[in-house]
Amino acid sequence: MDSLNPTFTENGYAIAEDIIPVSLANDLSREAETIETTVPVEDPLIVEGVYCGDEWSTCVCQYPAFQKLARSPFLINCMEEILQSSCDPTPVFWSLFRISRGQGDTLWHQDADDSLYKQAKIGITIFLSENEKRATILKVIPKSHHWPFPEKEQMHKAHSSETEINISRQTIMFHNPLLWHTSLLNSSQKPLLLLIFFYKLAEE
């Protein structure tokens, strides 16, 4: 695998294709479906009045496959190569999102607020749905991790440099918490499941 550091540093994100073992990807999908059907969702995720899915922020860490992924050597090694520093192997934040059919069309935003970004230095996004091998689920704006949080009028605006991200279930997108991104409308028959982790440096 080519070095991810130059791409991440320049663009604010980098993609590692087919890095998750098939068996682990299958276990993650099965566990995600279990969470979807057994854990009650108190509040949907709303961004600027737009519904973009249900979120579980506290239950993911209870499941073996998620624990295995979060501390896996291949994941930690990639992040440390990207950041050129040691990472704490325990995520500071993790969420599983369910995007129902006809939902998910969010506005431009950054994941990190001031309190999170003081800890989080890198995020990962993984597509977990079994019903799609590969799906266009996100758009990002390369180099936007140097920008401030989008103003209200910027959240709806199209950008000439916006890039669609296609992610398979074995692929990881590493991203700066300040990267501008948006999720896309789910046109598939089943809910789309997205997993997001954030990590901090070991010395912080």
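Biologist: Which side chain does Arg 30 meet in a salt bridge?
Modeller: In this predicted model, the partner of Arg 30 is Asp 27, with 2.4 Å from N to O.

Biologist: Where do those two sit in the chain relative to each other, Arg 30 and Asp 27?
Modeller: They are both in helix H2, and because they are three residues apart there, about one helical turn separates them.

Biologist: And Arg 30, is it buried, partly exposed or exposed?
Modeller: Arg 30 is partly exposed, at 46% relative accessibility. Asp 27 counts as partly exposed as well, at 29%.

Biologist: How many salt bridges does the structure hold?
Modeller: There are three. One of them joins the side chains of Lys 143 and Glu 10, at 3.4 Å from N to O.

Biologist: Where are Lys 143 and Glu 10 in the chain?
Modeller: In distant parts, 133 residues apart. Lys 143 lies in the loop between strand S6 (134–140) and strand S7 (163–168), while Glu 10 belongs to helix H1 (residues 5–11). Lys 143 is partly exposed at 38% relative accessibility, and Glu 10 is partly exposed too, at 47%.

Biologist: What about Lys 139, which side chain does that one meet?
Modeller: Lys 139 forms a salt bridge with Glu 162, at 2.9 Å from N to O. This pair also links distant parts of the chain: Lys 139 is in strand S6, Glu 162 is in the loop between S6 and S7, and they are 23 residues apart. Glu 162 is partly exposed, with 24% relative accessibility.

Biologist: Changing topic to the inside. Which residues touch the most other members of the largest nonpolar core?
Modeller: That core has 34 residues, and the ones touching the most other members are Leu 69, Met 79, Leu 128 and Phe 174.

Biologist: Which elements give two or more residues to it?
Modeller: Quite a list! Among them are helix H2 (22–38), helix H3 (64–70), helix H4 (73–83), strand S5 (122–127) and strand S10 (192–199).

Biologist: Back to Leu 128. What is it in contact with, leaving aside neighbours within four places in sequence?
Modeller: Leu 128 is in contact with Leu 28, Ser 29, Ala 32, Phe 66, Leu 96, Arg 169, Leu 193 and Leu 195.

Biologist: And what does the second core include?
Modeller: That one is separate and has 16 residues, including Tyr 13, Phe 97, Met 173 and Leu 192.

Notes
Residues numbered from 1 in each chain as written. Predicted model: local features only at pLDDT ≥ 70, side-chain atom pairs only at ≥ 80, totals over all residues. Heavy atoms only, no water. Core = buried A, V, L, I, M, F, W, Y, C linked by side-chain atoms within 4.5 Å. Buried < 20%, exposed > 50% of the residue type's maximum accessible area, 1.4 Å probe, protein only. Helix = DSSP H or I, 4+ residues; strand = E, 2+ residues; numbered from the N terminus. Contact = heavy atoms within 4.5 Å. Salt bridge = Lys/Arg side-chain N within 4 Å of Asp/Glu carboxyl O.
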